[in-house]
Amino acid sequence: MSDEPSIFTRILRGEIPAEIIAETEGAFAIRDIAPQAPVHVLVIPKSQEYRNVVELAAGDPQLLAEIVGLANTLAAELTGGDFRLVFNTGADAGQTVFHVHAHLLGGGLTEKSVG
Ligand code: 5GP
């Protein structure tokens, strides 16, 4: 992992403005700056130790579970319960920030594709 603070670390430190809409001991959530769905929230570990979900699952499965749980709690509040959880993994898959994060997407999602 780069020593450079990621954009999410800088948000957590208050260096870049964003409203933290929820947090747990190990994770926090913000609304995506460029929403792709009526509800589009990013759920992010406070530590930038893991670059992607595969590294996170191997290194700290409990923290991964915490992220899924926070997403579920937020979805209950924001989408009525149903949601899509996406971890872009690798640049060719669209990952642009290499500090693992989950995209919580919901609200008015009707098509059945996974893309
Ligand atoms: P990725 O492409 O790595 O899966 O997702 C990164 C996400 O972070 C993108 O959806 C992008 O819109 C979002 N993002 C990038 N910079 C900022 C920012 O400064 N504030 C917020 N709220 N979201 C950001």
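In which loop is His-101 found? In this predicted model, local features need pLDDT of at least 70, side-chain atom pairs count only at pLDDT 80 or more, and totals for chains, interfaces and linings use all residues. Residues are numbered from 1 along each chain as its sequence is written. The mean pLDDT (the predictor's confidence in each residue, from 0 to 100) of the chain is 94, and 93% of its residues reach 70 or more. For the complex, the predictor gives an ipTM of 0.99 and a pTM of 0.95.

His-101 is found in the loop that lies between β4 (84-86) and β5 (102-106); strands are DSSP runs of E, at least two residues, and helices are runs of H or I, at least four, numbered from the N terminus. The unreviewed UniProt entry annotates His-101 as "active site", although such annotations may be inferred rather than shown by experiment. His-101 counts as buried because it has 27 C-beta neighbours inside 10 Å, the cut-off for buried being 20 or more other C-beta atoms within 10 Å, with C-beta atoms placed from the backbone. Residues up to four places away in sequence aside, His-101 touches Phe-8, Leu-42, Val-43 and Ile-44, contact being defined by C-beta atoms within 7 Å.

Val-43 also belongs to the largest nonpolar core, of 25 residues, where Val-43, Ile-67, Ala-71 and Leu-104 touch the most other members. Such a core is a set of buried Ala, Val, Leu, Ile, Met, Phe, Trp, Tyr and Cys residues joined through C-beta atoms within 7 Å. The helix α3 gives the most to this core, with seven residues.

How values were computed: A residue is buried if 20 or more other C-beta atoms lie within 10 Å of its own, exposed if 12 or fewer, and partly exposed in between; C-beta atoms are placed from the backbone. Two residues are in contact if their C-beta atoms, placed from the backbone, lie within 7 Å.
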